[in-house]
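Please look over the sequence and the fold shown below before reading on. This report goes through a few places in the chain, one after another.

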Amino acid sequence: DLPRELHSWRQMADYSPEMRQFACLLHLYHIKAYDYLRKILPLPHPYSLTKQVLAAAGFSSDIFLRLREKVERGDQACRCCAVLVQDVSLQKQQEWDPRTKQLSGFVDLGAGILDADEAPLASEAIVLMAVGISSPWTAPLGYFLVNSTSGPFLAQLLRQAIHKLNSVGIVVLAVTSGAFARSAETARALGIRIDPKRTRCTFQHPPGSARSIAFFFDVPHALLLIRNALQCFHKVEWLGDTMWWQHVVELAALGEQKVLEPCRAGSKGSYHLKVNLGTLLFSEGVSEALEHLQKLGLASFQSCSGTAKFVRLMSSLCDVFYGRGPYGREPLLAGNYTKISNLFDEARSCFVNLTDSVGRYIIKSKRKLGFLSLLLNAESLKWLSSNHTCLKGTPSQHLHTRAFSLDPLEQFLRALQQACGGSGSPTCAVFQAAYHKLLASCSLAPSPPASSANASPWDLSLSQRRALTLGSIRAQYHPAPGRILAPEYPYSAGLLLPSTALSNALTDLSLYAQSLTCTAGWVAEQLALDLQCEPCLASLFEADESRLRCRSVLYIKKLGGLSLPSASVHHITSISEQVLNQYGKVGGANNNTKLWHMCLEQKVFQELLGESPLFPTLTKHLFEGELSINNHYTVLVKEITRCYLNVRTHSAQHLNLKYPCGRHRLKRLKGKHLFPSLGSCQS
């Protein structure tokens with residue numbers, strides 16, 4: 001398909017699709033060969049090879065045009081950005097596209113699908129995104145359908161993206177990739193040196209120029225690698241200190257323990273020590289919890305000082321990279337530089353001297369990438385705060401370290417997965433249709449991506465990912481058993497709550513109030529099983545705030561074997577019960593539908609409007625991060641309401657309750673009252 005004669009190339013005014021495909025493949029996979037042939041043949045300019053039309057692969061011309069318009073209008077927020085890159089797994093499947101009247105599912109690098117029998121099927125999509133540094137705008141730059149990738153290939157894609165952004169007047173300060181072996185290969189192909197003794201955290205673009213760009217590994221991915229390394233080695237030592245993984249396992253597995261001290265005078269119930277499973281592993285809360293349990297004299301935690309020290313160091317690093325804690329949202333402020341620099345020096349000293357149980361240095365082992373990633377990120381952050389001129393003209397209070405993580409891109413990919421309509425890997429055709437749909441609604445405005453109506457608080461930030469919490473560690477070593485209910489409180493699952501006006505009149509009001517309280521406590525415990533946000537989880541229970549300032553260890557009040565809910569949870573469930581009694585008959589054949597549940601939820605929210613504020617201890621925390629409809633406050637209210645309505649309308653059949661022994665004894669109420677669905681409980 002390509003002309004053999006040299007003069008045929010030189011006399012061409014335009015390039016055929018076959019010639020563009022050849023040039024595109026050659027440039028992305030073998031840049032040196034392309035540069036050599038371009039001296040002989042008039043090949044296209046490298047940065048004109050990958051242009052996207054509609055939903056086809058390649059860079060989106062429309063996005064770059066809109067970015068150029070914003071820059072020309074003088075929008076200072078668009079001056080600087082970071083480029084993020086990540087891959088998405090695809091099904092290798094050939095499909096007929098009725099829109100284009102062509103087969104789809106093949107490799108496409110922006111120059112069209114190869115028209116040949118040997119055209120390979122795509123197994124991955126490489127997605128690139130630009131994220132604002134001084135303002136949280138995001139711009140999906142394009143995607144590429146591939147069947148295999150390498151470090152040099154991704155490096156070429158990144159350089160093309162940087163060139164296109166520079167051509168519209170945007171300066172790229174940093175590039176972020178996941179903490180994988182292929183990402184390390186990409187970094188080395190760009191010119192990054194990942195060596196604790198001779199670290200080079202920047203690369204030049206164009207090559208040989210004076211303009212430098214920092215490289216970051218995604219922090220949550222790096223933390224996951226470090227977690228896996230600690231779990232693998234069991235014990236690590238550095239400079240006289242020892243970190244034992246078993247201490248973390250014991251903390252996560254610590255069951256509820258009754259406190260010996262009695263409750264306050266006139267108060268019913270007793271306080272129990274409970275570990276907050278929503279606590280992140282590398283957090284100040286875990287460090288404080290270990291020290292607190294050590295002071296209590298628990299045998300399993302008597303030698304955990306080194307573990308607490310290591311976790312506190314990791315927590316401080318996370319505070320810097322996430323822009324939280326004592327550094328606030330402005331870790332790049334000049335006043336923080338000395339403090340941050342000292343912290344990074346301490347981390348370097350720790351990581352470089354870490355050894356396993358037989359004295360081998362971990363920084364030289366096969367489990368080193370997580371530690372090296374954080375060290376490189378530290379150098380990149382220091383370089384950005386002291387060297388890059390673009391930051392000097394940017395208001396320091398608006399610098400977002402979030403732009404140096406993959407959080408914005410992964411939020412976009414979650415929305416993309418929802419648009420694909422499935423939980424598994426999509427086909428190329430489905431992926432392209434979903435991408436085009438999201439691209440059409442992309443506004444480039446400084447606001448967070450639209451989230452799902454069923455989003456949870458821990459979905460809004462990757463720092464809350466499930467694998468980095470104490471709950472995930474507990475699940476690995478101690479799978480959750482069936483829920484046990486105390487035999488003296490048969491109504492603790494809410495089964496004895498009245499469902500009709502007659503049963504309401506016949507029910508003992510004190511028993512009714514206790515049943516409602518216990519049902520609210522059961523709802524709180526159900527949400528706590530999955531909630532990955534430490535402050536939100538703590539807000540679900542009635543706790544003794546005078547004992548601890550940290551919420552990683554809770555002293556919650558229990559009555560009859562069930563945790564008592566916080567006042568806010570109790571209030572929401574009370575309103576839900578009132579709405580349920582007023583607007584629907586529990587268990588009705590025509591009322592157990594999704595639409596009916598949504599109507600009940602709407603009525604509950606209407607009743608809550610105008611009430612006193614809920615969760616008063618979380619005033620500042622609930623609205624942390626990007627403001628959106630699905631923030632921590634609204635999600636907590638919705639999840640509590642949904643869980644309670646589900647319990648009340650589905651009775652015992654979906655609760656999976658287990659009683660300790662014997663058949664359950666029903667307490668007598670006024671008159672003869674039958675309680676449906678009790679027979680379905682397991683005896």
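## The chain as a whole

This is a predicted model, and the protein chain in it has 21 helices and 18 strands. Of the 683 residues in the chain, 53% are buried. When contacts between residues at least 6 apart in sequence are considered, 73% of them join residues at least 24 apart.

One stretch carries a label from a record: an unreviewed UniProt entry annotates residues 403-436 as "domain: Transposable element P transposase-like RNase H C-terminal".

Two packed helices are described by the angle between their axes and the distance between the axes. For H9 and H10, the axes come within 8 Å and cross at roughly 165°. Because an angle over 145 degrees counts as roughly antiparallel, H9 is roughly antiparallel to H10, and the crossing of these two helices is left-handed. On the H9 side the contact involves Glu-284, Val-286, Ser-287, Glu-288, Leu-290, Glu-291 and Gln-294, which meet Ser-305, Thr-307, Ala-308, Val-311, Arg-312 and Ser-315 in H10. Sorted by class, this contact of H9 with H10 has four nonpolar, five polar and four charged residues.

H10 (residues 305-322) also packs with H11 (residues 337-353), their axes coming within 11 Å and crossing at roughly 135°, which makes H10 oblique to H11. H10 passes H11 in a left-handed crossing. H10 contributes Phe-310, Leu-313, Met-314, Ser-316, Leu-317, Val-320 and Phe-321 to the contact, while H11 contributes Ile-340, Leu-343, Phe-344, Glu-346, Ala-347, Cys-350 and Phe-351. The residues of the contact of H10 with H11 divide into 12 nonpolar, one polar and one charged.

## H11 and its other partner

How do the axes of H11 and H12 cross, and within what distance do they come? The axes of H11 and H12 (residues 369-387) come within 10 Å and cross at roughly 160°, which makes H11 roughly antiparallel to H12. H11 passes H12 in a left-handed crossing. Among the residues making the contact are Phe-344, Ala-347 and Phe-351 of H11, together with Phe-371, Leu-374 and Leu-375 of H12. By class, the contact of H11 with H12 divides into nine nonpolar, three polar and four charged residues.

Helix H8 (residues 245-253) has as its buried residues Trp-245, His-247, Val-248, Val-249, Leu-251 and Ala-252. What covers the buried residues of H8 includes helices H7, H9, H10 and H15 as well as strands S12 and S14.

Leaving aside residues up to four places away in sequence, Thr-186 touches Ser-150, Gly-151, Leu-154, Ala-155 and Leu-158.

## Partly exposed positions

Asp-195 sits in the loop between helix H6 (181-190) and strand S9 (202-204), and with 25% relative accessibility Asp-195 counts as partly exposed. Asp-195 and Ile-363 are 168 residues apart in sequence, yet their C-alpha atoms are 9.4 Å apart in space.

Ala-433 is found in helix H14 (residues 428-440), and its relative accessibility of 49% means that Ala-433 counts as partly exposed. From Ala-433 to Leu-416 the separation is 17 residues in sequence and 9.7 Å in space, C-alpha to C-alpha.

## Backbone exceptions

Most residues other than glycine have a negative phi, and most peptide bonds are trans. The peptide bond from His-205 to Pro-206, however, is cis, with omega near -5°, and Pro-206 is found in the loop between S9 and strand S10 (212-217).

His-234, which is not a glycine, has a positive phi of about 70°; His-234 lies in the loop between H7 and strand S11 (235-238) and is exposed, with a relative accessible area of 52%. Leu-239, in the loop between S11 and S12, has a phi near 45°, again a positive value in a residue other than glycine. At 58% relative accessibility, Leu-239 counts as exposed.

Definitions and conventions: Residues are numbered from 1 along each chain as its sequence is written. This is a predicted model: local features need pLDDT of at least 70, side-chain atom pairs count only at pLDDT 80 or more; totals for chains, interfaces and linings use all residues. Side-chain values use heavy atoms; hydrogens and water are left out. UniProt positions are given in the numbering used here, feature names are shortened, and annotations may be inferred rather than shown by experiment. Axes are lines fitted to C-alpha atoms, for helices over the stretch in contact, and angles run from 0 to 180 degrees between N-to-C directions. Helices (H or I, at least four residues) and strands (E, at least two) are DSSP runs, numbered from the N terminus. Angles under 35 degrees count as roughly parallel, over 145 as roughly antiparallel, 65 to 115 as roughly perpendicular and the rest as oblique. A crossing is left-handed if the near helix is turned anticlockwise from the far one by less than a right angle, and right-handed if clockwise. Contact means heavy atoms within 4.5 Å. Ala, Val, Leu, Ile, Met, Phe, Trp, Tyr, Cys and Pro count as nonpolar, Asp, Glu, Lys and Arg as charged, and the others, Gly among them, as polar. Buried means under 20% relative accessible area, exposed over 50%, partly exposed in between (1.4 Å probe, protein chains only).
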